[in-house]
Amino acid sequence: MLIFIRVTEIMMKELTIEAKTDNLDSVIDFINAQLEELECSMKIRMQIDIAVEELFVNIASYAYQDDDRPGTATVIFDTEKDENVTAMITFIDCGIPFNPLEREDPDTSLSADKRPIGGLGIFISKKNMDSMRYEYKEGKNILTIYKQLF
Amino acid sequence: MLNITKDLNGTELSFALEGRLDTVTAPQLESEVKSSVDGVDKMVVDCAKLEYISSAGLRVLLLAQKIMNEKGSLVVRNVSEEVMEIFEVTGFVDILTIE
């Protein structure tokens, strides 16, 4: 009997975890394990880690704020290979519909005294990733970030 | 993981950071900054062993800058290329004094 393995899906890895800030290290470890396997550069790894941190912490802080107990977040790591290798990381939560890409960018030219504390996370992610895509589908926030590795 | 080595020399307070300044570890630095600034007129943050900074870390540096604007000065030292890029993207190169 022949058994077919779908080779294209081998790189896909998925982590579902309670959406709380305490779990940030587990999420970052999960992403770094994949990036290390791909021998990704330190610089790109740091840029991806920052985006992952901002987006996961965002879910942990706001997605389930109306609920008594935290819900879950699913993080999916996948790669797209043509002449380049691109990492695709998707965040899924079932919380309040929220499109972080619609947030207005902060004014990065203000002096320290005039700069509000915070509000930079999504902005840094947008700047460091090649692209980001958001959709709200079947009660889920689905956000995917793309970053070329090689 | 973040290790903070604190050194008070007269009115100059230095923090040497080692590891990751992120959502989990930034509150550690924030409380160190807030609890140690009395009588300080110069603060130095040494980033030689800082591997990573996210917006939570930037938030604490901005807070430290705001505090030190009223008391004296803040200098950030030995910034790696990776961390410097984050400072550039966010406009922090213009806010912080980087040596």
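Select Val45(B) and Val76(B): Val45(B) stands opposite Val76(B) in β4(B). Helices (H or I, at least four residues) and strands (E, at least two) are DSSP runs, numbered from the N terminus. The strands being joined here are β3 (residues 42–53) of chain B and β4(B), which pair in the parallel sense over 5 bridges; two strands pair if DSSP finds at least two bridges between them.

A note before you click on: this is a predicted model, where local features need pLDDT of at least 70 and side-chain atom pairs count only at pLDDT 80 or more, while totals for chains, interfaces and linings use all residues. Residues are numbered from 1 along each chain as its sequence is written, and chains are lettered from A and ligands numbered from 1 in the order in which they are written.

Now stay on β4(B), residues 73–77, and look across to β5(B): 2 bridges join them, and they run parallel. Pick Val75(B) and you'll find Thr97(B) of β5(B) opposite. Zoom out to the whole sheet of chain B, an open one of 5 strands with mixed pairing, in the order β1-β2-β3-β4-β5. β1 (2–9) and β5 (97–98) of chain B are at the edges with a single partner strand each, so one side of each has no neighbour in the sheet.

Which residues of β4(B) are on its covered face, and which on its uncovered one? Colour Leu74(B) and Val76(B) for the covered face, then Ser73(B), Val75(B) and Arg77(B) for the uncovered one. In a regular strand the side chains alternate between the two faces of the sheet.

Next, centre on Leu74(B). Leu74(B) counts as buried because 23 C-beta neighbours lie inside 10 Å; the cut-offs are 20 or more other C-beta atoms within 10 Å for buried, 12 or fewer for exposed, and partly exposed in between, with C-beta atoms placed from the backbone. Skipping residues up to four places away in sequence, Leu74(B) touches Met43(B), Ala64(B), Gln65(B), Met68(B) and Thr97(B). Contact here means C-beta atoms, placed from the backbone, within 7 Å.

Hop over to Met43(B), which sits in strand β3 of chain B. Met43(B) is buried too, with 23 other C-beta atoms within 10 Å.

Then show both chains. Their contact takes 19 residues from chain B and 23 residues from chain A. On the chain B side, α2 (55–71) and α3 (81–89) each supply at least two residues, and α2(B) gives the most, with 8 residues.

Cross into chain A and select helix α2 (residues 42–63) and helix α3 (residues 121–128). Their axes come within 9 Å and cross at roughly 145°; axes are lines fitted to C-alpha atoms, for helices over the stretch in contact, and angles run from 0 to 180 degrees between N-to-C directions.

Last stop: the largest nonpolar core, with 61 residues. Such a core is a set of buried Ala, Val, Leu, Ile, Met, Phe, Trp, Tyr and Cys residues joined through C-beta atoms within 7 Å. Its largest share, 11 residues, comes from α2(A). Ile31(A), Val52(A), Phe56(A) and Ile59(A) have the most contacts inside it. Finish on Ile31(A): leaving aside neighbours within four places in sequence, Ile31(A) is in contact with Ile48(A), Asp49(A), Val52(A), Phe77(A) and Ile89(A).

Definitions and conventions: Two residues are in contact if their C-beta atoms, placed from the backbone, lie within 7 Å.
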